Amino acid sequence: LKKALSQRQLSMIAIGGVIGAGLFVGSGVVIKDTGPGTFITYALAGLLIIMVMRMLAEMAVANPSTGSFADYARNALGNWAGFSIGWLYWYFWVIVVGFEAIAGAKIIKYWLPGAPIWLTALLLLIAMTATNLFSVSSFGEFEFWFASIKVAAIIVFIGLGSCFVLGLWPHKSMDFSNLTAHGGFFPLGPSAVTVGVVTVIFSMVGAEIATIAAAESTDPERAVAKAANSVIMRIAVFFVGSAFLLVTILPWNGKQLAASPFVSAFTAMGIPYADHIMNAVVLTAVLSCLNSGMYTASRMLFVLAARREAPAQLVSVTRRGVPAAAILTSSVIGFLGVIA
């Protein structure tokens with residue numbers, strides 16, 4: 001494998017891994033199950049992710065490896081642990097690849113109602129497979145720009161949402177009434193705060209991709225340390241901050257939260273074309289997940305093949321240092337998921 005990922009790309013891969021469609025769309029489900037205390041749910045789940053990332057980063061700095069945590073489990077617990085974790089993680093990501101391809105096709109259907117979902121999903125899958133097959137730096141560059149769009153959208157939302165809530169908006173005074181006006185701060189009881197943690201954890205999975213990608217960067221120790229430390233700030237601002245603003249701007253039990261809470265919040269603020277803008281942002285979030293899912297699944301399969309725990313042919317790499325056989329195998333499974 002080629003060490004072709006830059007520090008800039010690796011930092012964005014860490015950010016992009018955390019912010020997926022789970023935040024933009026899934027947050028509505030969490031708010032409905034939890035109430036205004038949703039941001040506490042995000043903070044609890046964020047604390048778990050931060051602790052896991054700190055531990056994983058320590059191991060990745062000491063021993064940068066493409067197999068990442070599967071290799072560390074193998075070293076500590078034996079071959080059975082490395083084998084199980086490697087295959088389970090690969091299985092997780094190839095299913096996500098199929099899932100994200102379908103999600104992307106459904107978003108495109110918003111603009112092209114006549115387009116068949118299976119065909120659009122297949123085209124998205126082919127495009128991301130081609131990006132990964134070209135070179136690791138092309139994967140990194142795509143991920144850098146996809147993640148930049150997601151981050152910019154959330155920063156804009158937090159900036160405008162804060163102005164709206166604090167009364168710095170035209171014809172709007174400071175208003176935090178939605179936090180308590182609809183059945184109190186814990187309308188479903190304090191224990192409901194823990195219910196949404198499972199959904200939130202799913203939407204935060206992906207931060208660990210940086211420790212896998214680090215093995216293909218020029219300075220893995222520095223890159224991993226920087227990526228892991230910045231996860232803390234990102235979760236606090238992007239997840240907890242945006243969840244707090246959503247429940248302050250919109251009533252937690254409102255019907256408009258079901259589809260996309262961010263679109264509903266922008267619409268409530270009176271911003272024109274909010275649905276089109278956010279739909280485009282969610283599409284980049286989905287493509288980013290699809291791109292990094294393909295990358296991660298192929299690297300884990302490559303490592304399993306190198307350990308002789310997967311077919312040995314999958315360990316071959318092209319002249320550009322890309323494990324083409326592992327990428328194509330993962331994309332075929334993703335395509336079967338699309339058909340299913």
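Across the whole structure, 5 salt bridges are found. The model is a predicted one.

**Salt bridges**
- Arg-8 and Glu-141 join through their side chains, with an N to O distance of 2.8 Å. Because Arg-8 belongs to helix α1 (residues 7–18) and Glu-141 to helix α8 (residues 136–165), this pair ties together parts 133 residues apart in sequence.
- Arg-8 is partly exposed at 40% relative accessibility, and Glu-141 is partly exposed at 26%.
- Asp-71 pairs with Arg-307, and their closest N and O atoms are 3.0 Å apart. Asp-71 sits in helix α5 (residues 68–77) and Arg-307 in the loop between α14 and α15 (324–339), so parts 236 residues apart in sequence are tied together.
- Asp-71 is buried at 6% relative accessibility, whereas Arg-307 is partly exposed at 36%.
- Arg-299 and Glu-216 form a salt bridge whose closest N and O atoms are 2.8 Å apart. Arg-299 lies in helix α14 and Glu-216 in the loop between α11 (209–213) and α12 (220–249), 83 residues apart.
- Arg-299 is buried at 1% relative accessibility, and Glu-216 is buried at 0%.

**Packing of α6 and α14**
- Helix α6 (residues 79–111) packs against helix α14 (residues 274–306) at about 155 degrees, the axes being 8 Å apart; α6 is therefore roughly antiparallel to α14.
- The two helices, α6 and α14, cross in a left-handed sense. Their contact comprises 24 nonpolar, 7 polar and 2 charged residues.

**Helix α10**
- In helix α10 (residues 197–204), the buried residues are Val-197, Val-200, Ser-203 and Met-204. They span an arc of only 125 degrees around the axis, so they lie on the same side of α10.
- Gly-206, which follows α10, has a positive phi near 130 degrees.

How values were computed
Residues numbered from 1 in each chain as written. Predicted model: local features only at pLDDT ≥ 70, side-chain atom pairs only at ≥ 80, totals over all residues. Heavy atoms only, no water. Axes fitted to C-alpha atoms, helices over the stretch in contact; angles between N-to-C directions. Helix = DSSP H or I, 4+ residues; strand = E, 2+ residues; numbered from the N terminus. Parallel < 35°, antiparallel > 145°, perpendicular 65-115°, else oblique. Left-handed = near helix turned anticlockwise from the far one by under 90°. Nonpolar A, V, L, I, M, F, W, Y, C, P; charged D, E, K, R; others polar. Buried < 20%, exposed > 50% of the residue type's maximum accessible area, 1.4 Å probe, protein only. Arc of directions from axis to C-beta. Salt bridge = Lys/Arg side-chain N within 4 Å of Asp/Glu carboxyl O.
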